[in-house]
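Please have the sequence and the model open while I talk.

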Amino acid sequence: MKKVLVIDAQGGGIGKQLITEIVARNLSVEIVAVGSNSAATSVMLKAGAEHAATGENAVKVGCRTADFVMGPVGIAIADSMYGEITPDMACAVGQSIGQKIFIPVNHCSNYVVGVSNLNLKTLIKEAVDFLEESLKK
């Protein structure tokens with residue numbers, strides 16, 4: 001079974017929506033949620049993640065074995081999300097052998113050029129569509 005690591009910060013809302021969509025599609029994956037804080041972790045766990053952990057070391061450990069890493073694009077940018085993503089967290093995401101699937105959110109002085117201004121619900125659906133297609137390969 002493939003392992004999907006969902007990482008989020010702040011309130012965990014994007015991670016929650018990703019997990020909710022994955023669970024709704026009944027994909028045969030193990031969902032592990034890691035929040036940069038306990039509030040984000042709790043929200044994602046309630047959304048249906050099988051396992052959850054909090055903090056920098058949990059991101060580093062989870063990224064080592066994940067087949068897929070999902071979350072807002074800020075999880076790969078040091079000091080993003082108002083400083084909740086440490087340089088070591090961003091490095092772990094970038095160095096993960098897992099396929100990265102990012103939600104392009106333009107916040108915290110980071111702007112992704114060339115991404116159409118879609119609503120978050122559409123972006124979540126597209127991210128999980130990509131995950132689902134990748135699982136078929």
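Which side chain does that of Glu 132 meet in a salt bridge? The side chains of Arg 25 and Glu 132 meet there, at 2.8 Å from N to O, where a salt bridge is a side-chain nitrogen of Lys or Arg within 4 Å of a carboxyl oxygen of Asp or Glu. This pair links distant parts of the chain, since Arg 25 sits in the loop between H1 and strand E2 (29-35) while Glu 132 belongs to helix H6, 107 residues apart.

Before I go further, a word on what we are looking at: this is a predicted model, in which local features need pLDDT of at least 70 and side-chain atom pairs count only at pLDDT 80 or more, whereas totals for chains, interfaces and linings use all residues. Residues are numbered from 1 along each chain as its sequence is written, and side-chain values use heavy atoms, with hydrogens and water left out. The helices (H or I, at least four residues) and strands (E, at least two) are DSSP runs, numbered from the N terminus.

Staying with the charges, Arg 25 also forms a salt bridge with Glu 21, and here the closest N and O atoms are 2.9 Å apart. Glu 21 counts as partly exposed, at 26% relative accessibility, and Glu 132 is likewise partly exposed, with a relative accessible area of 23%; for these terms, buried means under 20% relative accessible area, exposed over 50%, and partly exposed in between, with a 1.4 Å probe and protein chains only. Glu 133 has a salt bridge of its own with Lys 136, with 3.2 Å between the closest N and O atoms; Glu 133 is partly exposed at 44%, and Lys 136 is exposed at 60%. Salt bridges that share partners join Glu 21, Arg 25, Lys 125, Asp 129 and Glu 132 into one network, and the structure holds six salt bridges.

Let me turn to helix H6 itself, residues 120-135. Its 16 residues reach 23 Å from the first C-alpha to the last, close to the 22 Å expected at 1.5 Å a residue, the expected span being 1.5 Å times one less than the number of residues. Which residues of H6 are buried? They are Leu 123, Ile 124, Ala 127, Val 128, Leu 131 and Ser 134, and, seen down the axis, they fall within an arc of 130 degrees, so they line one face of the helix; the arc is that of the directions from the helix axis to the C-beta atoms. An α-helix has 3.6 residues a turn, so residues three or four places apart point the same way. The buried residues of H6 pack against strand E1 (2-8), helix H1 (13-24), strand E4 (68-72) and strand E5 (99-103), with contact meaning heavy atoms within 4.5 Å.

Asn 37 caps the N-terminal end of H2, where a side-chain oxygen lies 3.0 Å from the backbone nitrogen of Ala 39, and H2 is followed by Gly 48, whose phi is positive, near 130 degrees.

Met 70 touches, among others, Leu 18, Ile 22, Ala 127, Val 128 and Leu 131, not counting residues up to four places away in sequence.

Terms used. A polar contact is a pair of N or O atoms within 3.5 Å; within protein, one must be able to donate a hydrogen and the other to accept it, and residues adjacent in sequence count only if both atoms are side-chain atoms.
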